[in-house]
Structures are given as C-alpha cells and as structure tokens.
Amino acid sequence: MGSAILPQPGIMDIDLYEGGASHVDGIANVLKLSSNENPLGPSEPAMEAFRREAFNLHRYPSTDHAALRAAIGEMHRLDPDRVICGVGSDEIISFLCQAFVGPGDQVIHTEHGFALYRISTLAAGGTPVEVPERERTTDIDAILAGCTDKTRMVFIANPNNPTGTMIGLAEIGYLADNLPDGVLLVLDGAYAEYVEDYDAGRALIEARNNVFMTRTFSKMYGLGGMRVGWGYGPKPIIDVLNRIRGPFNLSNAALAAAEAAVRDTDYVAKCRAENTRCRAWLAEALAEIGVPSDTSTANFILARFSTTDEANACDDYLKSQGILVRRVGGYNLPHCLRITVGDEASCRRVAHAIRQFKERA
Ligand SMILES: *Cc1c(COP(=O)(O)O)cnc(C)c1O
C-alpha cells in the first residue's frame, strides 16, 4: 500500500458550486429565473459571428485576444493593453487568487458576497475572511476594520449578487485610498451594464494602482454559455495574470461572439431599458402582496419572506408550477429567494404564482 494521495490544504474546504437549476422532472414549459441570464438571449450579430466560426473549428485561436481586447478598449474607452480575457470572469477571479494569494494570506469578501471569491481563495491556499454588510449592502467601514497585515485582496461585487444593491463610486474611492499598502481591491462588475451612467470603476482604476475590475459577457450580453469574461487594471497586475493564463484559454467561437456582442451597443441599451422596466414592475407587484425587496440595480431582485420556512415553501410551490428561482441560504440569506428579471410575460407568470402561494398560505 502506498501512502494516501492528498490534495493541497484548503481544497477539501471548498463546497461544490451549485448552479441555478434548469429543469423540473415532468414539467415541459419550465421558466428558468435562477441564473440571471438575459431573457432576450444574445444579440443577432453575436450569433452570426458564432455560426461563422463553424468553418474554423480546426484552427487554433488567437493567444493574445488582440481583436477582442481592441473592441473592448474601443467600446469601453479603455487601454486594450491593460485588458485580459478569460473563460468567464470566474477565470479572472481565479487568476487573481492564484497569482496574489497563498497560504497564510487573507482575502476579504462581504457577508452576502459571490461564492467564487471564497472558492478561489481556498483553491489558492489562502484564507477567506467574511465581513458584515449593513442592511444587505456593502459596508466599507467593516471592510477596512477587517484588514490585517495578512490581507492581500478585497472583493466587492458592485452591484452585488445576490442582494442587487450597490454603493457609490465615491465610497469605493475612499475604500481604495484607505486600504493598507499591498492590498488589491477587485471590483466585480458582472452587472455593471445594467446600471445607467456607471463606469464600473474605470476612473478609479485610472487614478490608482490598487484597483482592478472584472467584467463578463455572461449577463447583459447573453453569452453565459460561451464563457467569456475580462479584467482591467494596472499594467503590472495584467502582466502577472498573463503569465498564468493558458495560451488558448478562449475558443475562436467565444472570441468572435464576444467581439460582435461588445460592438452591439444598441442591443445593450435595449436590454438595459427592458430590464429596468420589468424589474420595477416585478418589485412592485411582489411588494403589493407582502414580499419586499431592496432596490435592485441588477437583473434580478432579492425577494424577502417572513421566515426561512416561508421562502422554502414558496420555492417548492414555484417549482411545482415549473418556475425556477434561486435559494440563497448559502449566502446567509435563507429567508430570501433571488428571482431573475425575465421578459414581461415571465415577470407576470412568476408574480402570479407567488400571489397564488401567498393566498393559499
Ligand atoms: C454571474 C457572475 C459573474 C460572472 O461569471 P462568469 O464566469 O463571467 O460567467 C461574476 N461575478 C458575479 C457576482 C456574478 O453574479
């Protein structure tokens, strides 16, 4: 008998990530509102670019992603040399932890922060540190109080998932200016496109050397299945991340679809307007039947129930009606359900079902 084959410390502390459910046994017409996908799908030019790549399947993709980075730079007014593309923003988060976090290092995330921050920190051998939020909103004082001489990185999603709340850029600037030396602030802008007049932290990054942003094509651009995300930050950080990035991490099809998507600004504007309209309707419809939510700035709302039992019973009822939403007990919000803002018909369907649930109870 040889000795046991053991993983690195920390790996076995990682709970397997549970994605949003996508089917219900025995129900055909399932409405999936559990993964914050764009109900309108990707833009037509993105699908066309994807189809064209069928003729290039034997070709290796670009290693430097020059065309996609140029398009991102042009459309978001960023320096393309400081853009890095990954297999979803998940991969960028993972690169950050791999490159800057090791055993003994601490990484701060907030009470209701995105699960990947903890997972990627543990995978890198580091220690995740959870700090409280204030009324389901990022609290920069709690983050600053949570910093120690072991802190290497702070993750904030703004808007945050699953709460949907966000904080202002002035507050984030204050945080960046008061973090200890050597701590990187990572702003996860997965939902930034849903916020009117929000630069996702671009100006903060340009003025500092300790702020980095992650972005994705999975939400507003409707390309979750393609797996494309990107990061933007100080050149020295980008140079480090590029050393651990696999040379062919993105496929031809992913690169082409993303490039077409980022250039289709009309589609983004249309989806943003539609989301804003439907989100307001849904939040109000639920509030009227006694299910409040915080003002959301993203493409989902966090519906609050009186108790964990009521939230779970409502989730079970919705499932029986073929409607999938997201339980968020794993985010310290067991009395809530996260509901993606679908198209108008979907919003009506889920609101109707929740009303029926409330009337039966
Ligand atoms: C959905 C989401 C992402 C995006 O992940 P991808 O890997 O780009 O699909 C990142 N951060 C948060 C907070 C999210 O909700």
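This note goes through the salt bridges of the predicted model.

1. Basis. The model is predicted: local features need pLDDT of at least 70, side-chain atom pairs count only at pLDDT 80 or more, and totals for chains, interfaces and linings use all residues. Residues are numbered from 1 along each chain as its sequence is written, and side-chain values use heavy atoms, with hydrogens and water left out.

2. Count. There are 23 salt bridges (a side-chain nitrogen of Lys or Arg within 4 Å of a carboxyl oxygen of Asp or Glu).

3. Arg 215 and Glu 193. Their closest N and O atoms are 3.0 Å apart. Arg 215 sits in strand S7 (residues 211-216) and Glu 193 in the loop between strand S6 (184-188) and helix H7 (202-207), so the bridge ties together parts 22 residues apart in sequence. Helices (H or I, at least four residues) and strands (E, at least two) are DSSP runs, numbered from the N terminus. Arg 215 is buried at 5% relative accessibility; Glu 193 is buried, also at 5%. Buried means under 20% relative accessible area, exposed over 50%, partly exposed in between (1.4 Å probe, protein chains only).

4. Arg 272 and Glu 196. Here the closest N and O atoms are 4.0 Å apart. Arg 272 belongs to helix H10 (residues 265-288) and Glu 196 to the loop between S6 and H7, so parts 76 residues apart in sequence are tied together. Arg 272 is buried at 18%, whereas Glu 196 is exposed at 55%.

5. Lys 235 and Asp 239. The N to O distance is 2.9 Å. Both lie in helix H8 (residues 235-244), four residues apart, or about one helical turn. Lys 235 is partly exposed at 36%, and Asp 239 is partly exposed at 35%.

6. Network. Salt bridges link Glu 44, Glu 48, Arg 51 and Arg 52 in a network.
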